Amino acid sequence: MRFHIEVVHPERCIGCYSCMYACSRHLFDTIDPSKVAVFVRVNGTVANPFTVIACKFCKNPECALACPKGALQPLPEGGITLITSKCEGCKTFDCISACMIRALALDKRTSFPIICDRCGDCAKYCPHNVFKYEEMK
């Protein structure tokens with residue numbers, strides 16, 4: 001089942017990283033904060049201690065346009081998919097740096113970008129309802 005996922009209440013984030021752990025477990029069957037498609041970043045201020053970043057599923061994703069091999073393909077409903085046979089793990093980080101909100105990371109083992117597959121686990125395991133998610137029709 002795929003979900004539309006959106007960060008709607010970032011102010012509720014307490015930095016528990018439950019969303020990141022759930023994402024890592026779903027995508028890689030491990031708990032590794034470097035293997036995620038959702039991010040909690042520390043801001044270091046009392047007023048706004050954390051930033052939560054998740055793919056916005058752009059209709060015309062800059063990350064896909066930046067990929068020199070065409071390995072990132074835009075999806076009709078927004079967002080991207082990775083064609084691993086086209087991805088050479090080019091290490092130019094074109095796709096990573098093209099994302100304006102920094103919602104892409106590189107898998108250090110494969111050198112492929114880590115793509116959100118819309119499983120919804122980040123939202124399901126967030127104890128403070130930072131995310132909104134609903135089943136895609």
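1. Which side chain meets that of D107 in a salt bridge? K35 does, at 2.9 Å from N to O. Before going on, a word on ground rules: this is a predicted model, where local features need pLDDT of at least 70, side-chain atom pairs count only at pLDDT 80 or more, and totals for chains, interfaces and linings use all residues. Residues are numbered from 1 along each chain as its sequence is written, and side-chain values use heavy atoms, with hydrogens and water left out.

2. Back to that pair. A salt bridge here is a side-chain nitrogen of Lys or Arg within 4 Å of a carboxyl oxygen of Asp or Glu, and the model has 4 of them by this rule. D107 sits in the loop between β6 (105-106) and β7 (113-114), while K35 is in the loop between α1 and β2, so the bridge ties together parts 72 residues apart in sequence. Helices (H or I, at least four residues) and strands (E, at least two) are DSSP runs, numbered from the N terminus.

3. D107 and K35 are both buried. Buried means under 20% relative accessible area, exposed over 50%, and partly exposed in between (1.4 Å probe, protein chains only). For D107 the value is 4%. Not counting residues up to four places away in sequence, D107 touches F28, K35, F112 and I114; contact means heavy atoms within 4.5 Å.

4. Next, E77 and R2. Their closest N and O atoms are 2.6 Å apart, and the two form a salt bridge. E77 is in the loop between β4 (72-74) and β5 (80-82), and R2 is in the segment before β1, so this pair joins parts that are 75 residues apart in sequence. E77 is partly exposed, with a relative accessible area of 30%; R2 is partly exposed too, at 36%.

5. E88 and K69 make another salt bridge, at 3.6 Å from N to O. The loop between β5 and α3 (94-98) holds E88, and the loop between α2 (62-66) and β4 holds K69, so the pair links parts 19 residues apart in sequence. E88 counts as exposed at 57% relative accessibility, whereas K69 is partly exposed at 42%.

6. Now for the inside. In soluble globular proteins, nonpolar side chains tend to be buried together. A nonpolar core is taken as a set of buried Ala, Val, Leu, Ile, Met, Phe, Trp, Tyr and Cys residues joined through side-chain atoms within 4.5 Å. The largest such core has 25 residues, and C19, V38 and F131 touch the most other members. At least two residues each come from β1 (3-7), α1 (18-28), β2 (38-42), β3 (50-54) and α4 (121-124). The largest share, 4 residues, is supplied by β3.

7. Leaving aside neighbours within four places in sequence, F131 is in contact with I5, E6, V7, V8, C19, V38, V52, A54, C122, A123 and C126.

8. Apart from that core lies another, of 12 residues, including A64, C67, A71 and I96. A64 lies in helix α2 and is buried, with a relative accessible area of 9%. What does A64 contact, leaving aside its neighbours within four places in sequence? The partners are L72, P74 and I80. As for L82, its C-alpha is 9.2 Å from that of A64, and the two residues are 18 apart in sequence.
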